[in-house]
Amino acid sequence: MTAKTLSNYIDGEWRAAGAQETMPVTNPATGEVLAQVPLSTAADVGLAASAAQAAFDGWRRTPATARIQFLFKLKRLLEENTEELARTITLENGKTLEEARGELARAVENVEVACGIPMLMQGDYSEDIARGIDEYMIRQPVGVCATIAPFNFPGMIAFWYLPYALACGNTFIMKPAERCPMTMQRVFELLHQLGLPKGVVNLVNGGPVAVDAILDHPLVRAVTFVGSTAVARHVYSRAAVNGKRVQAQGGAKNPVVVLPDADLEMTTRIVADAAFGNAGQRCLAASLAITVGAVHSQFVEAIADAATNRVVGYGMDAGVEMGPVITAQSKTRIQGLMRQGTAEGARLLVDGSVAAVEGYAQGSFMRPSVMDGLSPDGEIARAEIFGPVLGLIHVESVDAALDFINSGKYGNMACLFTASGASARKFRVEAQTGNIGINIGVAAPMAFFPFSGWKDSFFGDMHGQGKHAVEFFTQTKVVVERWPQEWTRKF
Ligand code: NAD
């Protein structure tokens with residue numbers, strides 16, 4: 001049976017992309033081709049942008065209180081369809097069903113927060129800034145906004161932006177990752193049920209060609225991107241040259257620091273989840289564990305155990321704790337980085353680079369790996385691996401750990417495991433990353449906080465989620481106003 005070709009959703013209806021070229025969407029656990037995704041062209045993007053522009057005026061003049069009624073309904077639909085959406089995520093991405101449910105919960109939280117828009121987008125008013133003159137600031141939507149997403153959270157990442165963009169009165173174009181586009185098909189079926197005015201939300205499938213068309217299209221006023229640093233940099237600069245508002249979240253190399261006073265049992269469990277959850281394909285994955293002082297040998301033993309005992313398999317199957325990586329190419333890339341690590345002097349404590357899961361011969365499975373004694377100057381201690389590989393580095397002080405962290409090019413997250421408030425405070429103050437975890441392994445901000453990221457992990461000013469999203473998806477207008485007394489009409 002030939003796999004179905006996915007459609008775009010433009011101007012309130014499903015439409016075949018004009019693109020001739022398609023790409024298979026493959027289940028990373030079974031190798032089964034699930035669908036064909038069209039690689040939309042600039043013309044397809046143009047149709048979405050025109051539809052979104054045509055819808056903009058009507059949508060922005062719809063009161064915020066009315067706009068959020070659609071979001072309340074969306075929250076209910078997402079919750080009613082969580083199980084089916086989660087299965088779609090697992091099918092196309094490989095993560096476990098439990099992980100897929102978790103990401104959808106994060107999506108719903110953002111819808112909930114955006115429902116507060118009537119208050120969140122209120123302006124400011126100052127009376128008598130000079131005698132008889134008042135001044136006020138109002139927030140208005142920006143126009144057509146677009147989001148470009150990565151493969152690793154096919155359900156959640158759109159929701160860092162979509163609910164806020166809509167609630168603020170913008171119209172929206174979604175471009176999902178071409179490797180995992182099926183979840184957004186289902187989300188857009190739910191969006192269709194909301195009865196939004198035509199053109200308010202649009203879906204364009206595709207790859208780099210569609211992305212560049214979004215970045216170049218004059219009707220698109222704002223772009224949000226999540227993906228690798230190289231592409232984030234490209235998106236940021238090209239959108240900016242074209243005069244657009246843009247934020248671009250990039251890659252990461254997240255360290256967790258373990259102090260001798262940390263609770264070893266809890267720390268090991270949390271670090272293992274942070275390193276191997278989602279098969280390490282998380283922008284907040286713990287990729288490096290830096291042990292300080294005497295804790296090294298105990299931690300090494302405990303984390304090696306946790307890595308060895310993790311249950312790897314098909315994410316749909318009960319009891320599985322880690323699914324495959326996204327593609328065979330990705331597995332090869334990760335294996336290459338591991339070889340480079342050993343060439344740089346690291347010791348492969350647990351080697352999960354070659355793994356087979358019974359019954360799934362076509363799956364791109366790996367098992368968790370742990371590499372000890374990474375050279376601090378080597379590539380493997382600095383590069384994003386984006387796979388289930390934890391590197392270990394040993395230092396003698398918190399200062400040395402902070403120096404190492406702050407010398408890295410990424411700044412997404414750093415975590416500390418300790419029982420000392422003073423150490424925690426020092427770490428929070430001095431670590432140069434946008435997200436910090438204290439006795440937490442994946443410090444993912446809730447929807448009412450910005451998903452921060454610094455250095456090469458983020459290009460822009462305002463981040464996704466919460467008040468930052470409201471800032472990003474609105475432009476301010478300041479009015480200075482005088483009504484002279486003598487103009488008062490007498491009735
Ligand atoms: P990717 O950069 O390959 O792709 C992301 C998006 O960019 C996709 O929609 C893709 O179609 C598009 N794209 C790819 N190459 C392009 C090009 N040359 N020109 C224009 N567009 C292009 O990222 P990925 O492999 O899908 O996702 C993994 C990466 O995303 C990791 O680096 C991870 O750290 C990062 N990520 C970051 C965050 C964050 O919040 N900082 C969150 C999730 C993932």
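Colleague: Is Asn439 buried, partly exposed or exposed?
Modeller: Asn439 sits in the loop between strand E19 (435-438) and strand E20 (454-455). Buried means under 20% relative accessible area, exposed over 50%, and partly exposed in between (1.4 Å probe, protein chains only). Asn439 has 23% relative accessibility, so it counts as partly exposed.

Colleague: What pLDDT do local features need here?
Modeller: Residues are numbered from 1 along each chain as its sequence is written, and side-chain values use heavy atoms, without hydrogens and water. This is a predicted model, in which totals for chains, interfaces and linings use all residues, side-chain atom pairs count only at pLDDT 80 or more, and local features need pLDDT of at least 70.

Colleague: What is the phi of Asn439?
Modeller: Most residues other than glycine have a negative phi. Asn439 is not a glycine, yet its phi is positive, at about 60 degrees.

Colleague: Where does Ala279 lie?
Modeller: Ala279 also has a positive phi without being glycine, near 55 degrees. Ala279 is buried, with a relative accessible area of 1%. Helices (H or I, at least four residues) and strands (E, at least two) are DSSP runs, numbered from the N terminus. Ala279 is in the loop between helix H10 (264-276) and strand E13 (286-292).

Colleague: How far does H3 reach from its first C-alpha to its last?
Modeller: H3 covers residues 82-93, which makes 12 residues. The expected span of a helix is 1.5 Å times one less than its number of residues. For H3 the expected value is 16 Å, and the helix comes close to it, reaching 16 Å.

Colleague: Which elements do the buried residues of H3 pack against?
Modeller: The buried residues include Leu85, Ala86, Ile89 and Glu92. Contact means heavy atoms within 4.5 Å. The partners are strand E3 (22-26), strand E4 (33-38), helix H2 (64-80), helix H4 (97-114) and helix H7 (182-193).

Colleague: How far apart are the end C-alpha atoms of H4?
Modeller: Among the buried residues of H4 are Leu97, Leu104, Val111 and Ala114. Their cover includes H2, H3, helix H5 (117-120), helix H6 (162-167) and helix H15 (466-472). The 18 residues of H4 should span 26 Å at 1.5 Å a residue, which agrees with the distance between its end C-alpha atoms, 26 Å.

Colleague: At what angle do H8 and H9 pack?
Modeller: Axes are lines fitted to C-alpha atoms, for helices over the stretch in contact, and angles run from 0 to 180 degrees between N-to-C directions. The axes of helix H8 (residues 208-216) and helix H9 (residues 229-241) are 8 Å apart, and the angle is about 30 degrees.

Colleague: Which residues of H8 and H9 make the contact?
Modeller: H8 gives Val211, Asp212, Leu215 and Asp216. From H9 come His234, Val235, Arg238 and Ala239.

Colleague: Which residues does Gln335 touch, beyond four places in sequence?
Modeller: Gln335 is in helix H12 (residues 328-343). Gln335 is buried, at a relative accessible area of 19%. Leaving out residues up to four places away, Gln335 touches Ser353, Val354 and Met366.

Colleague: How far apart in space are Phe458 and Ala248?
Modeller: Phe458 belongs to strand E21 (residues 458-459). Its 7% relative accessibility counts as buried. Beyond four places in sequence, its contacts include Gln247, Ala248 and His463. Phe458 and Ala248 are 210 residues apart in sequence, but C-alpha to C-alpha they are 5.7 Å apart.
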